[in-house]
Amino acid sequence: MAHQEVNEGILTHEEIMYNYFMTRGVDFTKIELFRSAREHYKQALIYKAGDPEANERIDFCNAQIRSDRKKVLVIVPFVLALIAAVIALNV
């Protein structure tokens, strides 16, 4: 079996920038900063237009952002009601 080497010295500027933005996107995804991750994946598309991996990751981030938004819309009214109840009991 032949060993395949990756020579970083022959990457084009576009490949380097694409790799940079994709790596940053993955890093932000790991810590669940999906908006930042999505923006980095979008930047990667500037250097590799139509890339299916970047587009797939953007779709994933969009789904997570929608899910987080739904959670907030459920939790915030509950918290506000709880605060109002505490205030009402202390008056």
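Which residues is Thr29 in contact with, leaving aside its neighbours within four places in sequence? I looked this up before anything else, and I noted the ground rules along with the reply.

**Entry: ground rules**

I am working with a predicted model, where local features need pLDDT of at least 70, side-chain atom pairs count only at pLDDT 80 or more, and totals for chains, interfaces and linings use all residues. Residues are numbered from 1 along each chain as its sequence is written, and side-chain values use heavy atoms, with hydrogens and water left out.

**Entry: Thr29**

I found Thr29 in contact with Phe34, Ala37, Tyr41, Phe60 and Cys61, once its neighbours within four places in sequence are set aside. Contact here means heavy atoms within 4.5 Å. Thr29 lies in helix α1. Helices (H or I, at least four residues) are DSSP runs, as are strands (E, at least two), and both are numbered from the N terminus. I noted Thr29 as buried, with a relative accessible area of 18%. The cut-offs are under 20% relative accessible area for buried, over 50% for exposed, and partly exposed in between, using a 1.4 Å probe and protein chains only.

**Entry: α1 against α2**

Two packed helices are described by the angle between their axes and the distance between the axes. I looked up α1 and α2, and their axes come within 8 Å and cross at roughly 165°. Axes are lines fitted to C-alpha atoms, for helices over the stretch in contact, and angles run from 0 to 180 degrees between N-to-C directions. α1 and α2 are therefore roughly antiparallel to each other. Angles under 35 degrees count as roughly parallel, over 145 as roughly antiparallel, 65 to 115 as roughly perpendicular, and the rest as oblique.

I also noted that α1 passes α2 in a left-handed crossing. A crossing is left-handed if the near helix is turned anticlockwise from the far one by less than a right angle, and right-handed if clockwise. The residues of α1 that meet α2 include Met17, Phe21, Gly25 and Phe28, and those on the α2 side include Ala37, His40 and Ala44.

**Entry: the loop between α1 and α2**

I found Glu32 in the loop between α1 (13-30) and α2. Glu32 has a positive phi of about 60°, although it is not a glycine. Most residues other than glycine have a negative phi. Is Glu32 buried or exposed? Glu32 counts as exposed because its relative accessibility is 59%.

**Entry: α3 against the other two**

I next looked up α2 and α3, which pack at an angle of about 160° with their axes 9 Å apart. That makes α2 roughly antiparallel to α3. α2 passes α3 in a left-handed crossing. Among the α2 residues that meet α3 are Arg35, Arg38 and Leu45, and the α3 side includes Ile58, Asn62 and Asp68.

For α1 and α3, I noted a packing angle of about 25° and axes 12 Å apart. α1 and α3 are therefore roughly parallel to each other. This crossing, of α1 past α3, is left-handed. Tyr18, Met22, Val26 and Thr29 in α1 meet Glu53, Ala54, Arg57, Phe60 and Cys61 in α3.

**Entry: the largest nonpolar core**

Which members of the largest nonpolar core touch the most other members? Of its 13 residues, these are Met22, Ala37, Tyr41, Ala44 and Cys61. α1, α2 and α3 (52-90) each supply at least two residues of this core. The largest share, five residues, comes from α2. A nonpolar core is a set of buried Ala, Val, Leu, Ile, Met, Phe, Trp, Tyr and Cys residues joined through side-chain atoms within 4.5 Å.

I checked two of these residues, leaving out those up to four places away in sequence. Ala37 touches Gly25, Phe28, Thr29 and Cys61. Ala44, in helix α2, is in contact with Tyr18, Phe21 and Met22. Ala44 counts as buried because its relative accessibility is 0%.

**Entry: Arg38**

I found Arg38 in helix α2 (residues 34-47). Arg38 counts as buried because its relative accessibility is 15%. Its side chain is joined to that of Asn62 by a polar contact of 2.8 Å. A polar contact is a pair of N or O atoms within 3.5 Å; within protein, one must be able to donate a hydrogen and the other to accept it, and residues adjacent in sequence count only if both atoms are side-chain atoms. Not counting residues up to four places away in sequence, Arg38 touches Ile58, Cys61, Asn62 and Ile65.
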